[in-house]
Amino acid sequence: MRAFSFSLSSPPPLPPPPPKNPNTLRTILLKSTAIALSFSLVASPPFFPSAPAVASENIAASPSVDLCDEGKREEVETKEPNLTNESLVEEAWEVVNQSFLPDAGTRPWSPELWLQKKEDIRQSRIQTRSRAHDIIRKMLASIGDPYTRFLSPDEFAKMAKYDMTGIGVNLKEIPDTDGSVKLKVLGIILDGPAHSAGVRQGDELLSVNGIDVSGKSAFDVSSLLQGPQETFVTIEVKHNDCSPIESLKVERQITARTPVFYRLDKMENGDSSVGYIRIKEFNALAKKDLVIALKRLQDSGASYFVLDLRDNLGGLVQAGIEIAKLFLEKGETIISTAGRDQQVQNSFVSETAPFVKAPLVVMVNHRTASASEIVASSLHDNCKAVLVGERTFGKGLIQSVFELHDGSGVVVTIGKYITPTHMDINGNGIQPDFDKLPGLNEVRNYLSQCQLQRAG
């Protein structure tokens, strides 16, 4: 089994060597996939389009590969020649059994009830692969979680082609034997810019425009690769550990558009100016362009800021986390995650001093969802912003994607987000402090009272 997860968190630790018992192997493989968080798949409600994401994968067990043999890549064989329809259905069942967050669905779920589902399926022989896929669909639908679903082989394959780099690749972070992290090409668009320039799946990316990418995240490097359409970026890659370093010039053709729009407004009394910033979605350009906007508005005399997240359905959760850090003190919690597996349970904190300390108003409405809710709740709970508008959508679940042995896949809800004040976002949303924009003095007083209560 290959565990394929859209993840912007640190890669999970590699699982132990494969045991001889194949049944034990399957249990370990499934367990290893349960810790792969999918931050981008929580980006938006299911009936809204999701933004493209950096894809990464956790390879549970790989056959040994001689990396110095010409033309060989680090690959995993995901299809078994003797795979039965019954074992495929059982494989999907086991993913849910190991990973699913029990309170994510609208119907009661427990390991005991799920075991009965398995026994019911075993009652009859499954004649065709399409029938097996239909059974998996119905089995997942019975949970009552709209985010836990089946992916056909074609749908699963498309996920590996998501591109947020602008050159037709996505990247994954792989821990090296010395504890460092390598960046490798997970997916590549055939005949896309990078492929045409000579990049191949499995290549290690070493530098971007002369900048060493060692230790950088896939998210940060994807931002380095982006730029205006029809401009060029120079990258250095290695096809394998023993091949020479190649310098390739790649023309950018597919680019993310800036989601940040801003202006400086004078207040009616003329004593102060407000920097208005709207973020339409959280993509790879969001943080970089927000920093530019904040700097220019500050230099132009903005005394406080309005951050408009209305109708922002989310996007890349990691982008939202990085944006929240711009306003938080070092050590303050951004968001926490909870799930059945201990390694899903985590807290994300700011590691640096805030970029901006001016008073902040965050505008929200019923279409403010997922990554936007993470930003809004983080800034609100840490007394950095007041919220204005309507109750937010309430999407706070985490999904991970698992590849099955026939190339199909299942998306499973494995965790949820908890705000710094321990509120469950999912299904609840976030209630704003005001329904209309308050004055600057009212904002300052509210944040001051919040900080006093927090200190007490």
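**Exercises on a predicted model**

Glutamine 399 lies in strand E17, which spans residues 397-403. The model used throughout is predicted.

**Exercise 1.** Decide whether glutamine 399 is buried or exposed, and state which side chain it joins in a polar contact.

*Solution.* Step 1: the relative accessibility of glutamine 399 is 1%. Step 2: the cut-off for buried is under 20%, so glutamine 399 counts as buried. Step 3: the side chain of glutamine 399 is joined to that of threonine 413 by a polar contact of 2.9 Å.

**Exercise 2.** Determine how many residues of helix H9 (residues 317-325) are buried, and list them.

*Solution.* Step 1: nine of the nine residues in H9 are buried, and the helix is mostly covered. Step 2: the buried residues of H9 are Val317, Gln318, Ala319, Gly320, Ile321, Glu322, Ile323, Ala324 and Lys325.

**Exercise 3.** Describe how helix H2 (residues 85-99) packs with helix H4 (residues 129-141), and name the residues that meet.

*Solution.* Step 1: the axes of H2 and H4 are 9 Å apart, and the packing angle is about 20°. Step 2: angles under 35 degrees count as roughly parallel, and H2 and H4 are therefore roughly parallel to each other. Step 3: the crossing of H2 past H4 is right-handed. Step 4: H2 contributes Asn85, Leu88, Val89, Ala92, Trp93 and Val96, which meet Arg129, Ala132, His133, Ile135, Ile136, Met139 and Leu140 of H4. Step 5: by class, the residues of this contact between H2 and H4 are ten nonpolar, two polar and one charged.

Methods. Residues are numbered from 1 along each chain as its sequence is written. This is a predicted model: local features need pLDDT of at least 70, side-chain atom pairs count only at pLDDT 80 or more; totals for chains, interfaces and linings use all residues. Side-chain values use heavy atoms; hydrogens and water are left out. Helices (H or I, at least four residues) and strands (E, at least two) are DSSP runs, numbered from the N terminus. Buried means under 20% relative accessible area, exposed over 50%, partly exposed in between (1.4 Å probe, protein chains only). A polar contact is a pair of N or O atoms within 3.5 Å; within protein, one must be able to donate a hydrogen and the other to accept it, and residues adjacent in sequence count only if both atoms are side-chain atoms. Axes are lines fitted to C-alpha atoms, for helices over the stretch in contact, and angles run from 0 to 180 degrees between N-to-C directions. Angles under 35 degrees count as roughly parallel, over 145 as roughly antiparallel, 65 to 115 as roughly perpendicular and the rest as oblique. A crossing is left-handed if the near helix is turned anticlockwise from the far one by less than a right angle, and right-handed if clockwise. Contact means heavy atoms within 4.5 Å. Ala, Val, Leu, Ile, Met, Phe, Trp, Tyr, Cys and Pro count as nonpolar, Asp, Glu, Lys and Arg as charged, and the others, Gly among them, as polar.
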